[in-house]
Amino acid sequence: MGSSQIGGGGSKNGSRESCGGGASSTFAFFLFSFVVLGSIGGLYARFMVAANVSGAAHGCEEDNEGSWAIGVYYGDSPFSLKPIEEKNIWKEKSAAWPVANPVVTCASLSHSGFPSNFVADPFLFQHGDVLYLFFETKNSITMQGDIGVARSVDKGATWEQLGIALDEDWHLSYPYVFEYNRNIYMMPEGSAKGDLRLYRATKFPLKWTLERVVMKKPLVDSFMILHEGKYWLFGSDHSGIGVRKNGQLEIWYSISPLGPWRPHKKNPIYNTDKSVGARNGGRPFMYNGNLYRVGQDCGETYGHRIRVFNVTVLTTLEFKEVEVPLGVNEPVKGRNSWNGGRNHHLDAQQLSSGKWIAVQDGDRVPSGDSVRRFILGFASVMAVAMLTVLVGMLLGAVKCVVPLGWCPHDIGKRSDAFLALERSSFFSSKLRLFCSRLNRGCSALRTRIGPNTWTGTLVVVSTVLMAAVLVCTGVRCMYGGSGAQEPYPVEGHYSQFTLLTMTYDARLWNLKMYVKHYSRCASVREIVVVWNKGTPPRPGDFDSAVPVRVRVENRNSLNNRFKPDPLIKTRAVLELDDDIMMTCDDVERGFKIWRKNPACIVGFYPRLVGSRYRGEKHARKHGGYNMILTGAAFLDGRAAFRRYWSEEAEAGRALVDELFNCEDVLMNYLYANASKGGITVEYVRPAWAIDTSKFSGVAISRNTQAHYGVRSKCLKEFSGIYGSLSHRKSKFRRRKDGWDV
C-alpha cells in the first residue's frame, strides 16, 4: 500500500513537471506569436483597411441598423427617374462638378449640431418653390429615431438642415406629411407607443402639436391618400398573433383624414412572405390616372429593395394590385455605392414644371451587418488562438493544453466532504478524463507529425499561413468597418470624376484588370480609354460597373493623353496609367484634395526637379516636391487640356512627339507658367501602389537611367521656354489632413 502511494505520488509529480517544466519556453513562444501575428494584423490594417470617412466629430457611429442616406432623382415621369449626377448639376461652393448622391447623410445633420447615426424614410413637401424634406434620423446620443427636416431652394441639389421637427419619448420614423384644409399634418410611425398619431403644424416646419390618435393600433409605415372620394389608410400591424412580420398589410377608409376609420372587408389584405412587398415603402402616387403603391421587399434582408404596384381595384369590398417595373437602375458597385446594399423607401412627386422629383433612401450594407462582422471577427480570433496552440504543440513549445494542476484531482489537500463530492461527481470524472486525453494528445500529435519531416514542415507552414489569413479577417471584420471604400464629401456634397487612361493593344491584359477594379470606385462616372495603337477593344469586352468609352486616335502620340474631349461630362479627370493599381480609398482621397485645390495638379507620385530629373527618393531626401507625375493625377480637364493644346504649348508638344516622352513634365511647366508663383501641385500618399506592367512585361520605360536622361533633356528645353521650376518647392507634411507625409 505504502509503496503504491509513493509510486503514485512520483508519477503525479512527474506529470506536473512535464507539463509545467517548460513554462518559460511556452511563454516565449506565445509572446513571439503575439508579436508576429499582431504585426501582420497591424500592417494589414495600415495598408489594406479603408478609414472611416464620415468626417463627423459627433455622430455617424457604426449602427447595427445600417448607414442609411438619402439621394435625389429626377425624370420626365416617375418611371424614368435618374440620379442627380446624371443631371450634371454643378455647385461651385462645394466644388461639386457635378453634384452626386447621396445629398443628405448622417454627417449632414451631425455637422449642423444634430448628432445622427443615419437618415432614412424621406418624405418631400412642396411649399411654393421651396422643397422640404422630412426624414427619420437616429439620434447618436439617445439611440432613438427622431424626425428631422431640411430645406432646398434649388430643386433638391442642396439641403439646409433646419433641425429636429418632432422628438417624442419613443422611436419615430416614416414621417408622412400632407396638406388638408390649409393645414399641414404629419403622421409618423410611433408603434413603440402602441398607436398611430396625427400631428398638425403650428409653425411649419419645426413646431407640431398632437391633433389626435388616429388608431389605437401599433401600425408601422402608414400613409393616407384621397382616392375616388374616400380617404384610404394603408398600414401594417405586426403585433397580432400569427402575423408574418414585414408581410402584413391592412387598409381602412373614411370620408376625412381625421376619421372615423372603418376596416376594409378583406383585412388583412396580405399576411404572407416578407418578400412580396406588403409593407409600405413610401408615398403612393398618381400617374396617368392610375394609383401606384410603393412596397418593401424584405426577403433577403430588411429593406432589401423597393417594389412598385399598380392598384387596379380599390373599393370597400375589393383590393387588387399588380407589380410594375420602376425603371431605376440598380447600383452595381456593391458596398462602395451609397445604396449598394439595399433601398426601402421612395417618395416621387410632380413639380409645378411638370417634371418629377423623387427622394430615395439607401444603405451600403444589409441589416445587422455590424453584429455579423463582430461574430466573424471574434470567431477568427478564437481560431487564431487555437492554431497558435497547435503550432506550439507541433514545435514542442507547448507540452500540454491543460496543466494538470487545473484538474480537480490535482488540487492538493482537500476535505473529506470534498473527496466524497468528487467521487460522486460525474462531471468531475469526465473533466479529469478529458484533461488527461487532451494532454496526451500533445505528445501523440508531435509523434505522428514530426516537425522535422516534410509533412510536418508543410503542416506547420500551412497552419501559420492560415493563422495569418484569419488575423487579417479578424482585423477587417472588427476594425475595418463595413469594408466599403467610401467617397469623401466636401462642404456636404459628393461629386464624380472621369477616369482616363492611354494604352495600346499589347497592354490589353493590364487594361481589363484596371477597368474591373477602378470602375467599382464610388466616384468614378466613366472610364475613357485613349487607344493609341492596334486593334481597339469593344466596350463590351470589359467587366465594368460604369460606361467605358474607347477613343481611337489616328496617330500614336503621347500628346493624345491631354486632347480636349467634349464628351467628358465631369470637371475632374483622373489621368491614371493602366499599369498602376491602388486602392479606391487612395483614389477617393486624391479626389477630395483636388476638389479643395481644383487649380492644382493633385497626384500620387512627387518629384523634385532642377536641371536633372530624379526619382521620389530625391524629393524625400530634400523634404519637398515641385512636380507631380500626371500618370496618376487629378486635373481640371477643361482648363488643363485647353492649356496643353494652346499655341503657347506648341513647341513643348513637338518635343514630346520627338522624344516620345515628357508629356507629364510639360503639363507641370504649363501649370507653373500660368500660376504666377502660386502652388500648382499637391501630393497624396497612397497606402500602396503596384506596377502591373512588371508582371506582363510591357513596361514602356524599362531602362531607368536612359529614361531619366531623356527627361533631364526635357527639363532643360522646357526651362528655356517656360522658365525653371527650381525655385518652387512644396513641403511634405504641409497640409493638416496628414495625407501628404
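Phe-285 is found in strand β17 (residues 285-287). The structure described here is a predicted model. With a relative accessibility of 4%, Phe-285 counts as buried.

Beyond its neighbours within four places in sequence, Phe-285 is in contact with Pro-78, Phe-79, Asn-290, Leu-291, Tyr-292, Val-294, Val-308, Ala-348 and Trp-356.

## Aromatic pairs

The count of aromatic pairs comes to 38. In one of them, Trp-97 and Trp-594, the ring centres are 5.7 Å apart and the planes stand at 75 degrees, so the pair is edge-to-face. Trp-97 belongs to the loop between β2 (82-83) and β3 (99-100), whereas Trp-594 belongs to helix α9 (residues 584-596); the pair therefore ties together parts that are 497 residues apart in sequence. Both Trp-97 and Trp-594 are buried.

Phe-562 and Tyr-644 form a tilted aromatic pair, with 4.8 Å from centre to centre and 50 degrees between the planes. Since Phe-562 lies in the loop between β26 (548-552) and β27 (572-576) and Tyr-644 in helix α11 (residues 637-644), this pair ties together parts that are 82 residues apart in sequence. Phe-562 has 0% relative accessibility and so counts as buried; Tyr-644, also at 0%, counts as buried.

## An aromatic cluster and charges over rings

One aromatic cluster is formed by Phe-123, Tyr-174, Tyr-176, Phe-178, Tyr-185, Phe-223, Phe-234 and Phe-319.

Rings also meet charged groups. The charged end of Arg-46 sits over the ring of Phe-47, at 4.9 Å from the ring centre. The charged end of Arg-595 is placed over the ring of Phe-591, 5.8 Å from its centre.

In soluble globular proteins, nonpolar side chains tend to be buried together. The largest nonpolar core in this model has 41 residues, and those with the most contacts inside it are Ile-601, Met-627, Tyr-669 and Phe-718. Helix α13 (residues 663-675) gives the most to this core, contributing seven residues.

Another core, of 36 residues, lies apart from the largest one; among its members are Leu-499, Leu-511, Val-546 and Trp-739.

## Strand β33

Strand β33 (residues 632-636) is largely enclosed by the rest of the structure, because five of its five residues are buried. Both of its faces are covered: Ala-632, Phe-634 and Asp-636 are buried on one side, and Ala-633 and Leu-635 are buried on the other. In a regular strand the side chains alternate between the two faces of the sheet.

β33 pairs with β27 in the antiparallel sense over five bridges, and Leu-574 has Phe-634 as its bridge partner in β33. Strand β29 (residues 601-603) is joined to β33 by two bridges, and these strands run antiparallel. Phe-634 of β33 is also the bridge partner of Val-602.

## Salt bridges

The structure holds 43 salt bridges. One of them joins Lys-138 and Asp-63, whose closest N and O atoms are 3.1 Å apart. This pair links distant parts of the chain, with Lys-138 in strand β5 (residues 130-139) and Asp-63 in the loop between α2 (23-48) and β1 (69-75), 75 residues apart. Lys-138 counts as buried at 8% relative accessibility, and Asp-63 counts as buried at 8%.

Glu-323 forms a salt bridge with Arg-307, with 2.4 Å between the closest N and O atoms. Because Glu-323 lies in strand β20 (residues 319-324) and Arg-307 in strand β19 (residues 305-314), the pair ties together parts that are 16 residues apart in sequence. Glu-323, at 39% relative accessibility, counts as partly exposed, whereas Arg-307, at 16%, counts as buried.

## A salt-bridge network

The side chains of Asp-565 and Arg-551 meet in a salt bridge of 3.1 Å, N to O. Asp-565 is in the loop between β26 and β27 and Arg-551 is in strand β26, 14 residues apart. Both Asp-565 and Arg-551 are buried. Through salt bridges that share partners, Glu-526, Arg-549, Arg-551, Glu-553, Lys-563 and Asp-565 are joined into one network.

Note on methods. Residues are numbered from 1 along each chain as its sequence is written. This is a predicted model: local features need pLDDT of at least 70, side-chain atom pairs count only at pLDDT 80 or more; totals for chains, interfaces and linings use all residues. Side-chain values use heavy atoms; hydrogens and water are left out. Rings of Phe, Tyr and Trp (its six-membered ring) pair if their centres lie within 6.5 Å; planes under 30 degrees apart count as stacked, over 60 as edge-to-face and the rest as tilted. Helices (H or I, at least four residues) and strands (E, at least two) are DSSP runs, numbered from the N terminus. Buried means under 20% relative accessible area, exposed over 50%, partly exposed in between (1.4 Å probe, protein chains only). A charge sits over a ring if NZ of Lys or CZ of Arg is within 6 Å of the ring centre and within 35 degrees of the ring normal. A nonpolar core is a set of buried Ala, Val, Leu, Ile, Met, Phe, Trp, Tyr and Cys residues joined through side-chain atoms within 4.5 Å. Contact means heavy atoms within 4.5 Å. Two strands pair if DSSP finds at least two bridges between them. A salt bridge is a side-chain nitrogen of Lys or Arg within 4 Å of a carboxyl oxygen of Asp or Glu.
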